[in-house]
Amino acid sequence: MSIKGKIALVTGAGQGIGRAITLRLARDGADIALADLNDDLMKGVADEVRALGRKATVIKTDVTDRDAVYAAVDQAETDLGGFDIMVNNAGIAQVKALDEVMPEDMVDIYRVNVDGVLWGIQAAARKFRARKQTGKIINAASIAGHDGFEMLGVYSSTKFAVRGLTQAAAKEYAAHGITVNAYCPGIVGTDMWVEIDQRFADITGAAVGETFKKYVDGIALGRAQTPEDVAAFVSFLAGPDSDYMTGQAPLIDGGLVYR
């Protein structure tokens, strides 16, 4: 079933998984509000959306700023004439041994990966209720939200937190017809994994590319995940075929972590 004519806001839309989600939702018929800190990247993706025949608006947004996230949702509604889908995709990684983590290391990653998701949940739910309509909230989790990974302990903890927020929000907003789900990618060939691999090399002495290969070699389907693999699942969560699904955080990782 189609999401044609729906209005979606995607955070972290300028690159990687966010870009792929933005373009997939546009191909499936949605108009898109792109939220990101990088104007140039966003504008390029917005042009791609328009080339697909859909409307796009660009909103420079720091997801750690609650007021900015609320303002982005308001602007999406104003610019595109409605609001139906919120994709809280923005996130950052951190590679560090647990005994090396300092207080300041906790601040940025929690502000982006956890606070940013919470502000997006709040802002979207408020908008859906104000419009007296149902809606979809979709949050970025990870395989690291199901399994704690070595050297990614703090990152893993943020993604466990996203799963908790997703479950709680699903229960709180169900009576309003708002569904809240998350998606849990695995080893995706993006700039984030280039950074993770490099950090592993710096810390452990592994050759560059070795950590990425180690994890990919454990994937049952035999290849690294693409951003488009993730985007296809997010489009399902955004559409009516997932209407009876809420509070869930399914793994989409090619067969790496099993639950």
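I started with terms: on a 1 Å grid over the protein atoms alone, a cavity is a set of points where a 1.4 Å probe fits but cannot get out, and a pocket is an open set with protein on both sides within 12 Å along at least five of seven lines; lining residues have an atom within 4 Å of a point. Grid points are joined across faces, edges and corners, and a volume is the space filled by probe spheres set on the points.

I noted that this is a predicted model, where local features need pLDDT of at least 70 and side-chain atom pairs count only at pLDDT 80 or more, while totals for chains, interfaces and linings use all residues. Residues are numbered from 1 along each chain as its sequence is written, and side-chain values use heavy atoms, leaving out hydrogens and water.

**Cavity.** I found 1 cavity of 30 Å³ or more. Thr-11, Val-63, Asn-88, Asn-89, Ala-90, Val-112, Gly-116 and Val-117 line the largest cavity. Helix α4 (residues 103–130) gives the largest share of that lining, 3 residues. Helices (H or I, at least four residues) and strands (E, at least two) are DSSP runs, numbered from the N terminus.

I sorted the lining of the largest cavity into 4 nonpolar, 4 polar and no charged residues. Here Ala, Val, Leu, Ile, Met, Phe, Trp, Tyr, Cys and Pro count as nonpolar, Asp, Glu, Lys and Arg as charged, and the others, Gly among them, as polar.

**Pockets.** The largest pocket came out at about 910 Å³. Its lining has 42 residues, with Asn-89, Ala-90, Gly-91, Ile-92 and Met-192 nearest the centre. By class I got 24 nonpolar, 13 polar and 5 charged. Which helix supplies the largest share of this lining? I found that α6 does, with 5 residues.

The second largest pocket holds about 190 Å³ of space. Among its 14 lining residues, Lys-6, Thr-134, Gly-135, Lys-136 and Asp-243 lie nearest the centre.

**Helix α6.** I looked up burial next (buried is under 20% relative accessible area, exposed over 50%, partly exposed in between; 1.4 Å probe, protein chains only). Trp-193, Ile-196, Asp-197, Phe-200 and Ala-201 are the buried residues of α6. Seen down the axis, they fall within an arc of 140°, so they line one face of the helix; the arc is taken from the directions from the helix axis to the C-beta atoms. On the other side of α6, I saw Asp-191 and Val-194 exposed. Just after α6, Gly-205 has a positive phi of about 85°.
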